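Take a look at the fold below. We will walk from the sheet to the helices that cover it, and then to a few backbone details.

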Amino acid sequence: MTQLAIDLPHRPAYGRADFLASGCNAAALRWIEQWPDWSKPVLVLHGAAGSGKSHLAHLWCERTGGVLVRGDALAEPDALARHRAVALDDAERAPERTLLHLHNFCIETGASLLVVARVAPANWPIALADLASRLRAAPSVAIAPPDDALLSAVLVKHFADRQIRVAPGVIGFLVRRMERSFAAAAALAAGLDRLALVAGRPITIALARRMLAESGDSASR
């Protein structure tokens, strides 16, 4: 009998113990933990979707007592004046002039600004020359693509965030066949969660093979 799949909310764990440290993100984590001993008050953190940028931004806000703001929700700096640290997630989506004002505000007041984006500002289509020059002059740190060990750990974390236990053999099967990206790991965990719920059975290699086939990954190898 087919079950009705219900998307229950799941809350990602953003504590320090929940962050999966690896060679690909070691430099980024080091920058976060070195605050307030930054060479400049602005840092750009960039990496692919699902790479842990938002997790690091949460850790930084906890460390600094700062506030996390989405780029598309960025208001004029006066609204953030009481905060001494601001993390701007999805910074590419922020209004350029407002972001420039925020950058200048932080420089002038001694506040810290963490700019979080998918790519470095050099690859943004920035129209304002002043904003482009300021962001491109700021220190920048990247999160690199995951290795096998981290990709396995990321899958386990995504399943744990959904309160699902998956056997190591299934994790290994997925890692050997899936797209090599953080975003793919998140999508596979979500898809397998839903598929298992519909099928009314646990996540097995057979179910993983079906999910990979449906997503276009090479499940037959």
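What follows starts with ground rules and then moves through the model.

The model is predicted, so local features need pLDDT of at least 70, side-chain atom pairs count only at pLDDT 80 or more, and totals for chains, interfaces and linings use all residues. Residues are numbered from 1 along each chain as its sequence is written, and side-chain values use heavy atoms, with hydrogens and water left out. Helices (H or I, at least four residues) and strands (E, at least two) are DSSP runs, numbered from the N terminus.

Two strands pair if DSSP finds at least two bridges between them. Strands of a sheet pair through backbone hydrogen bonds, either parallel or antiparallel.

Strand β2 (residues 67-70) is joined to strand β3 (residues 85-89) by four bridges, and the two run parallel. Here Val-67 stands opposite Val-86 in β3. In a regular strand the side chains alternate between the two faces of the sheet. β2 has a covered face, Val-67 and Val-69, and an uncovered one, Leu-68 and Arg-70.

β1 and β5 pair in the parallel sense over three bridges. Leu-45 stands opposite Val-141 in β5.

Axes are lines fitted to C-alpha atoms, for helices over the stretch in contact, and angles run from 0 to 180 degrees between N-to-C directions. Contact means heavy atoms within 4.5 Å.

Turn to α6. This helix is mostly covered: seven of its 10 residues are buried. Buried means under 20% relative accessible area, exposed over 50%, and partly exposed in between (1.4 Å probe, protein chains only). Among the buried residues of α6 are Val-170, Phe-173 and Leu-174. The buried residues pack against α5 (148-161), α7 (182-199) and α8.

How do α6 and α8 pack, and at what angle? Helix α6 (residues 168-177) and helix α8 (residues 205-215) meet at an angle of about 25 degrees, with their axes 9 Å apart. They are therefore roughly parallel to each other, a label for angles under 35 degrees. Gly-169, Val-170, Phe-173, Leu-174 and Arg-177 in α6 meet Ile-205, Ala-208, Arg-209 and Leu-212 in α8. By class, this contact has six nonpolar, one polar and two charged residues. Ala, Val, Leu, Ile, Met, Phe, Trp, Tyr, Cys and Pro count as nonpolar, Asp, Glu, Lys and Arg as charged, and the others, Gly among them, as polar.

Last, the loops. A cis peptide bond joins Trp-35 and Pro-36, with omega about 10 degrees. Pro-36 lies in the loop between α1 (26-34) and β1 (42-46). Asp-90 is not a glycine, yet has a positive phi of about 50 degrees. Asp-90 sits in the loop between β3 and α3 (96-109) and is partly exposed, with a relative accessible area of 30%. Gln-163 also has a positive phi, near 60 degrees. Gln-163 is in the loop between α5 and α6 and counts as exposed at 78% relative accessibility.

Methods: Parallel < 35°, antiparallel > 145°, perpendicular 65-115°, else oblique.
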